[in-house]
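My notebook is open, and I am looking up a few things in this model. Here is what I wrote down as I went.

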Amino acid sequence: LLAAARWPSWRVSALAFATLHWGLHALSHIIDRHHGAGESIGTLEAGGLVVATVLLAIALRASIGAEKR
């Protein structure tokens with residue numbers, strides 16, 4: 001993502017990869033909330049990852065729209 005800030009041509013690709021990565025990471029936390037730190041911590045982590053994924057998806061959509069103009 002840092003490279004995409006410098007080189008706009010990388011922006012959509014970097015955001016797409018990051019959104020996919022964070023989405024899969026969030027899914028893994030949703031499926032397995034019972035890790036060593038306890039279920040409440042797992043639920044909080046899953047929630048934070050879902051919020052971050054949504055923000056990345058919004059940024060990706062905005063970048064795709066900006067690239068089309």
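I started with W7, which is partly exposed at 44% relative accessible area. My scale calls a residue buried under 20%, exposed over 50% and partly exposed in between, with a 1.4 Å probe and protein chains only. W10 also counts as partly exposed, at 47%.

A note on the source: this is a predicted model, in which local features need pLDDT of at least 70 and side-chain atom pairs pLDDT 80 or more, while totals for chains, interfaces and linings use all residues. Residues are numbered from 1 along each chain, and side-chain values use heavy atoms, without hydrogens and water.

Next I looked for aromatic pairs (ring centres within 6.5 Å, with the six-membered ring for Trp; stacked under 30 degrees, edge-to-face over 60, the rest tilted). I found one. W7 and W10 form this tilted pair, with 5.3 Å between centres and 40 degrees between planes.

Among the buried residues of α3 I listed G42, A46, L49 and L56. Their cover includes α2 (11-31), by contacts of heavy atoms within 4.5 Å.

Last, I checked I58, which sits in α3 and is exposed at 54%.

Note on methods
Helices (H or I, at least four residues) and strands (E, at least two) are DSSP runs, numbered from the N terminus.
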